[in-house]
Structure formats: structure tokens, C-alpha cells
Amino acid sequence: MALHCTECGFLNNEGANYCQRCGALLAREEGAGGAGGAGGAAAGASPGGGAAAGAAAGGGAGAGAGAGAGGGSGGDPVTATYVIDEETGELVPVELGHLAARGPALVIRAGGGRVGESFALAGERMRIGRRPDSEIFLDDVTVSRDHALLINRGEQWHLDDCGSLNGTYVNRSRIESQRLDDGDEVQIGKYKLTFHAR
């Protein structure tokens with residue numbers, strides 16, 4: 001059965017977890033869902049060659065490249081997430097439990113064909129932008145070269161806009177500087193990401 005988005009009214013395909021037009025989480029009846037999916041958020045690597053938080057889980061160092069999968073237990077949507085095995089180059093599924101204890105991460109949930117790709121947050125500052133040497137590289141014209149900056153202040157992560165043309169949004173509100181809480185939706189250009197504080 002097709003699902004209507006409660007945010008924009010778009011009619012989405014059966015089995016979709018997020019709206020294909022606006023990216024909003026689609027409401028499901030209890031017990032509904034697809035065929036089940038592999039575990040949740042992964043962690044990636046910085047372009048500088050730093051080890052990924054997911055490296056221990058699958059020997060990979062790259063960021064995950066997963067796709068949305070059916071519902072988990074209780075109808076909760078699940079994103080299948082993978083790391084790249086450095087030796088074989090194959091995608092290795094990653095379980096949420098292996099990554100959750102490793103710290104905060106941003107996970108792409110819509111945009112650019114990169115759903116499920118994730119970035120481990122480490123250090124004091126991480127640059128987000130279209131510049132290839134950014135720690136979080138989002139290659140699309142809707143993203144400024146130096147779009148935003150993630151700053152670790154104490155035990156909290158803050159997102160600061162760097163004067164980007166299209167703006168930086170947290171929970172659909174344009175921001176200049178914002179403290180991130182677990183589950184916050186971040187939008188940078190056409191990319192929608194979810195912040196996981198674990």
C-alpha cells in the first residue's frame with residue numbers, strides 16, 4: 001500500500017521510510033514495515049586517511065554506502081549501513097551496536113544517492129562543504145565550498161554556518177549557530193543528515 005507524506009502530501013512507494021519529495025519520516029501503522037533491514041548508523045573516515053570508527057567492525061575505512069530498508073521491530077524504519085572492506089573493496093554490513101559506543105556521527109538520510117553514508121565526528125573542528133579537502137565532503141552545487149563547521153565545545157557538538165549561499169538548517173529552521181542534540185535533522189544543500197550523539 002502506498003503511503004502519503006504527512007508533511008507535503010506526496011504519494012510514496014510501498015516500503016518507503018522517508019518521503020521521496022521532502023525527506024520527512026513516513027508514519028506507519030504499528031507492526032507495518034518491509035522485510036526488515038540491517039543495522040543502523042555507521043561511521044566514516046576523514047579524507048585525510050584517518051581510521052573510521054567502523055574499521056574495527058568490518059576492516060573498512062570508507063564511509064558507509066547503504067540504502068533504506070524495510071521496517072525493523074515494531075515498524076521502526078531502519079537504514080542499512082555498510083563500510084568498505086579495504087582488502088576486497090566489498091561492502092560489509094555494520095550493526096548499530098558495533099558503532100554506537102564509538103561516539104557521535106552524522107548519517108546521510110536523503111540526497112545525492114548517498115543514503116546511509118555516515119561520518120564519525122572527531123577532533124575539535126570538522127569542515128562541511130563542497131571543497132574536496134573538507135572532512136565532510138558533500139559534492140553538489142547546492143552546497144557551498146565552505147558551507148558549515150562542526151565544533152566540539154566541551155561535550156557538545158555545535159553547527160555553525162559559514163555564510164553559505166543556501167543556508168544551514170537544523171530541524172527545518174535556518175541557523176547561524178546551533179547546539180546539536182541526538183536525532184536532530186541537519187540540512188545542507190540537498191543533503192539531509194541525522195545527528196547521532198552516542
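Two residues are taken to be in contact when heavy atoms of the two lie within 4.5 Å. In the predicted model described here, 43% of the contacts between residues at least 6 apart in sequence join residues at least 24 apart. The protein contains 17 strands and 2 helices. Of its 198 residues, 44% count as buried. Its accessible surface amounts to about 9,700 Å², and carbon and sulfur atoms account for 48% of that area.

Strand β17, which spans residues 191-196, is mostly covered, with 6 of its 6 residues buried. Tyr191, Leu193 and Phe195 point one way from the strand, while Lys192, Thr194 and His196 point the other way. Both sets of side chains belong to buried residues. Two strands pair with β17. With β7 (residues 105-110), the pairing is antiparallel and extends over 5 bridges; within it, lysine 192 of β17 is the bridge partner of alanine 110. With β16 (residues 185-188), the pairing is again in the antiparallel sense, over 4 bridges, and here tyrosine 191 of β17 is the bridge partner of isoleucine 188. Strands β16 and β17 also form a hairpin with 2 residues between them. In the turn of this hairpin, glycine 189 has a positive phi of about 60°.

A further set of pairings involves β11 (148-153). Strand β9 (residues 125-129) pairs with β11 in the antiparallel sense over 4 bridges, and isoleucine 128 stands opposite alanine 148 of β11. Strand β12 (residues 156-161) runs antiparallel to β11 and is joined to it by 6 bridges. In this pair, tryptophan 157 of β12 is opposite asparagine 152. The hairpin of β11 and β12 has 2 residues between the strands, and glycine 154 takes a positive phi near 70° there.

The largest nonpolar core has 21 residues, of which Leu106, Ile128, Ile136, Leu150 and Leu159 touch the most other members. At least two residues of this core come from each of β7, β9, β11, β12, β16 and β17. Strand β17 gives the most, with 3 residues. Apart from this core lies another, of 7 residues, which includes Cys5, Ala16, Cys22 and Leu26.

The surroundings of isoleucine 128 can be described in detail. Leaving aside residues up to four places away in sequence, isoleucine 128 touches Leu106, Ile136, Leu138, Leu150, Leu159 and Ile188, among others. Its contacts also include Ser134, Arg145, Asp146, His147 and Ala148.

Serine 144 lies in the loop between β10 (136-137) and β11. The relative accessibility of serine 144 is 16%, and this residue therefore counts as buried, the limit for that class being under 20%. When residues up to four places away in sequence are not counted, serine 144 touches Gly129, Arg130, Ser164 and Leu165.

Definitions and conventions:
Residues are numbered from 1 along each chain as its sequence is written. This is a predicted model: local features need pLDDT of at least 70, side-chain atom pairs count only at pLDDT 80 or more; totals for chains, interfaces and linings use all residues. Side-chain values use heavy atoms; hydrogens and water are left out. Buried means under 20% relative accessible area, exposed over 50%, partly exposed in between (1.4 Å probe, protein chains only). Accessible areas come from the Shrake-Rupley method with a 1.4 Å probe; for residues, only the protein chains shown count as cover. Two strands pair if DSSP finds at least two bridges between them. A nonpolar core is a set of buried Ala, Val, Leu, Ile, Met, Phe, Trp, Tyr and Cys residues joined through side-chain atoms within 4.5 Å.
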